[in-house]
Amino acid sequence: MVREVSESCVDSLLTEMVACYCNRFYANKPELAARRIEAIGYQVGHQLSERYTMERPRFTDHLEAIKFICKDFWSELFKKQIDNLKTNHRGTFVLQDNKFRWLARMSVDPSTDTPVEDSTSPTAENKAAQAMSMHLYFPCGIIRGALSNLGIPCAVSADISNLPACSFVVRIKA
């Protein structure tokens, strides 16, 4: 039996989770909110990886595990594979999704204290970038949790300089 969840439900859940941690629980401590969101993503990724690799033999090297994340794991989560995978062959991998679903439909609500004619000010842009980056801690945690379950300790960060494309940088710890 295949169990699926509506994409709009996942979008709403992610949006509400980020809003709760950023505006209620850790309103004055964004670094703690980011850590908690990433930790939740880590748990989700760890459990999903366990489920998706139950019938598979263990991976023999890092590249095999990363390819699994790019093809099978990503396909289960987003109904598509990663668009591009790059590596420096020294433990750093860049996974690029050219239309990352969790950012594609996102918009930032302009602040009520910012005048309309000043909506392009650096502070408005910084708020928009910070809101977007808070939503990326969850998928970074998912990737880190999945790789951790596969025996690969790593650090994961995201780059959104070319929206709606998103690049996830995976640095494997030696």
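Author: The protein chain has 5 helices and 4 strands. Along the sequence they run α-α-α-β-β-α-α-β-β. This is a predicted model.

Now the helix pair. Helix α2 covers residues 30-52, and helix α3 covers residues 62-78. Their axes come within 11 Å. They cross at roughly 100°. Angles of 65 to 115 degrees count as roughly perpendicular, and α2 and α3 are therefore roughly perpendicular to each other. From α2, the contact uses G45, L48, S49 and Y52. From α3, it uses F68, F73, E76 and L77. By type, the residues of this contact are 5 nonpolar, 2 polar and 1 charged.

K99 sits in the loop between β2 (92-97) and α4 (101-104). Its relative accessibility is 54%. Exposed means over 50%, so K99 counts as exposed. K99 still has contacts. Leaving aside residues up to four places away in sequence, K99 touches D83, A104, P164 and A165. I82 is 17 residues from K99 in sequence. In space, the two C-alpha atoms are 9.6 Å apart.

Last, the chain as a whole. Of its 174 residues, 36% count as buried. Take the contacts between residues at least 6 apart in sequence: 60% of them join residues at least 24 apart. The accessible surface comes to about 10800 Å². Carbon and sulfur atoms account for 52% of that surface.

Definitions and conventions: Residues are numbered from 1 along each chain as its sequence is written. This is a predicted model: local features need pLDDT of at least 70, side-chain atom pairs count only at pLDDT 80 or more; totals for chains, interfaces and linings use all residues. Side-chain values use heavy atoms; hydrogens and water are left out. Axes are lines fitted to C-alpha atoms, for helices over the stretch in contact, and angles run from 0 to 180 degrees between N-to-C directions. Helices (H or I, at least four residues) and strands (E, at least two) are DSSP runs, numbered from the N terminus. Angles under 35 degrees count as roughly parallel, over 145 as roughly antiparallel, 65 to 115 as roughly perpendicular and the rest as oblique. Contact means heavy atoms within 4.5 Å. Ala, Val, Leu, Ile, Met, Phe, Trp, Tyr, Cys and Pro count as nonpolar, Asp, Glu, Lys and Arg as charged, and the others, Gly among them, as polar. Buried means under 20% relative accessible area, exposed over 50%, partly exposed in between (1.4 Å probe, protein chains only). Accessible areas come from the Shrake-Rupley method with a 1.4 Å probe; for residues, only the protein chains shown count as cover.
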